[in-house]
Amino acid sequence: MTYTFWILLTASLVGISCGIVGVLLILRKMAMLSDAISHTVLLGIISSYLITNSLDGFYMFIGAAIVGVLTTVFVQLLNSAGVQSDAAIGVVFTFLFAIGVILVSMFARDVHIDVEHSIMGEIAFIPWMTVDWFGIEGIPQAVWMLGFVLIIDLFLILLLYKEFKLSSFDPGLAAALGLPVGLLHYVLMGMTSITAVASFDAVGAILVVAMLIAPGATAYLLTERLHMMFILSAVFGVIAAVTGYFIAAWLNASIAGMMATMAGVLFLLAFIFSPTHGIIAKRFSQRKIQQVDIET
Amino acid sequence: MNPITANNITVAYHRKPVLQSVSFEAPEGKLIGIIGPNGAGKSTLLKSILGLVPKASGDVNIYGKTYRKQRQIVGYVPQRGSVDWDFPTSALDVVLMGRYRQIGLFRRPKKNDVKEAMSCLEKVGMEQYANRQISQLSGGQQQRVFLARALAQNAHIYFMDEPFIGVDAATEKAIVQLLSELREQGKTVIVVHHDLQTVKDYFDWVMLLNVRKIAFGPTNETFTSDLLQKTYGGKLTFLDQKEEEGVPFA
Ligand SMILES: Nc1ncnc2c1ncn2[C@@H]1O[C@H](COP(=O)(O)OP(=O)(O)O)[C@@H](O)[C@H]1O
Ligand SMILES: [Mg+2]
């Protein structure tokens, strides 16, 4: 397998898993919370390293999922104590992220998880960081991790499709019907956390939120059906990741930065040209309404 | 046995009480209106009965059992404005949501659920819009979809939060028709209502609420200008007009 193949596979896996999880985050209006989680999971990674003394991906996932869910628990606690939700998110997120950064700089400076790598990501190194798992050689660790995460995400979304749908659309009815609304929330937060961790190597903590939010927001503007929104979001995630990589290689720019930029560009295009939600379409239909007003 | 028995319900948001010691017993097979000014706690009362907001004190029984045990016989129509109508889904899909409890965790809707949902859409005159994206429906049509979803719950007791708000005259008529059909089937319907002009036409019983329960009883005994003054304070100009015109309010 060639170097570029692994890069593109990694980028596509990031695009798909972030894309499908992002749909649920968008529909639940949780962009802010996912931004917070994608940062605080750094604390989960470093804690699991300090506790287990290994860089095993599995422990990193567990650590990340726990801290991700803890983030939402703390936010909810502050919130129900009367702190506004965006302020609660801001406080929890900066606090936990800061602890993560401090722990990394104190205890893990010489280990491979250097701060810069986790924060900025570096997909260019991924093809060389292979592991031999299940007797299969030569597959990069990031591809393994992203593959597992994608399977978990897909499995949970398919299993809980209608539950996620109702609790996103109408949490009141979902709770009245007795769906496990709270559990669904934490399952999604766990999915967001492990997806963010698996994507760190490629895009880093700062920009993973762009991959989580932008493709879903783009798909939201373009479709009227939930299953289509998942598919489109995954496709946009892949397009952003792959084109971002090539443009960055061509301009010799930051790969993570260019992927996030392309995700933003796709959103902008949809925002302007979407036949239903785009600003051009809205202008046009407004003018039509005004004309009708004048005529009558 | 009474469909709803509420004992001393108190609800507070951030320590500010929005419902205080509300007790009542709702009679079976009646259309019951809940009225009161904005922020009186009407929506909160419904939510506390359905266990959607924590109660500081008090308890509620549905036919003598807790709500948790009676979910399957209770239908709920939240305020239309409480959901995102740009959500990527169709009218039929929203109605199907009413059956998610019967369908069960992890399971997908079956043909027979779709058929049931379609017939509920028919009951509100919306079958030709089944596949429409919900954002392309008018306010009245959206409300009908919400009602169809409640019908799909196939309940004995219905709670509806301001179903008449922002709907066209045809929809208002359709809803009134639907309410009386539900009553004929012996169902109990509790409706949060804002339009005082129609209270006497629409409801058998009425609750006047403003943080506390001001009154609860048959409409002709309860919907009196005295009690309304007590509920709304001195702001009820339309009542004065009616009295001047010589239409006594009793
Ligand atoms: N989630 C909430 N958090 C804090 N305050 C709330 C919340 N929901 C409602 N309130 C407050 O509780 C009071 C009653 O609200 P509500 O039950 O919606 O009134 P109504 O439906 O009669 O207009 C209002 O003052 C409202 O501002
Ligand atoms: Mg209300």
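Strands (E, at least two residues) and helices (H or I, at least four) are DSSP runs, numbered from the N terminus. Two strands pair if DSSP finds at least two bridges between them. This is a predicted model, in which local features need pLDDT of at least 70 and side-chain atom pairs count only at pLDDT 80 or more, while totals for chains, interfaces and linings use all residues; side-chain values use heavy atoms, with hydrogens and water left out. Residues are numbered from 1 along each chain as its sequence is written, and chains are lettered from A in the order in which they are written.

**Strand pairing in chain B**

- E1(B) and E2(B) form a hairpin that has two residues between the strands.
- In the turn, His14(B) has a positive phi of about 50°.
- E1(B) covers residues 4-13 and E2(B) residues 16-26; the two run antiparallel and are joined by seven bridges.
- Opposite Tyr13(B) stands Lys16(B) of E2(B).
- E1(B) also pairs with E4(B), residues 57-62, in the antiparallel sense, here over five bridges.
- Thr10(B) has Ser57(B) in E4(B) as its bridge partner.

- A salt bridge is a side-chain nitrogen of Lys or Arg within 4 Å of a carboxyl oxygen of Asp or Glu, and the count over all chains comes to six.
- Lys29(A) and Asp84(B) form one of them, at 3.3 Å from N to O.
- This pair joins two chains, because Lys29(A) lies in the loop between helices H1 (3-27) and H2 (31-52) of chain A, and Asp84(B) in the loop between strand E5 (74-77) and helix H3 (91-97) of chain B.
- Accessibility is given as relative accessible area: buried is under 20%, exposed is over 50% and partly exposed is in between (1.4 Å probe, protein chains only).
- Lys29(A) is exposed at 57%, whereas Asp84(B) is buried at 19%.
- In the salt bridge of Arg149(B) with Asp170(A), the closest N and O atoms are 2.7 Å apart.
- Arg149(B) belongs to helix H6 (residues 139-152) of chain B and Asp170(A) to the loop between helices H7 (161-169) and H8 (171-176) of chain A, so this pair too joins two chains.
- Both Arg149(B) and Asp170(A) are buried.

**A salt bridge within chain B**

- Asp204(B) and Arg183(B) meet through their side chains in a salt bridge of 2.5 Å, N to O.
- Asp204(B) lies in the loop between helix H8 (199-202) and strand E8 (205-210), and Arg183(B) in helix H7 (residues 169-184), so the pair ties together parts of chain B that are 21 residues apart in sequence.
- Asp204(B) is partly exposed at 23%, and Arg183(B) is partly exposed at 30%.
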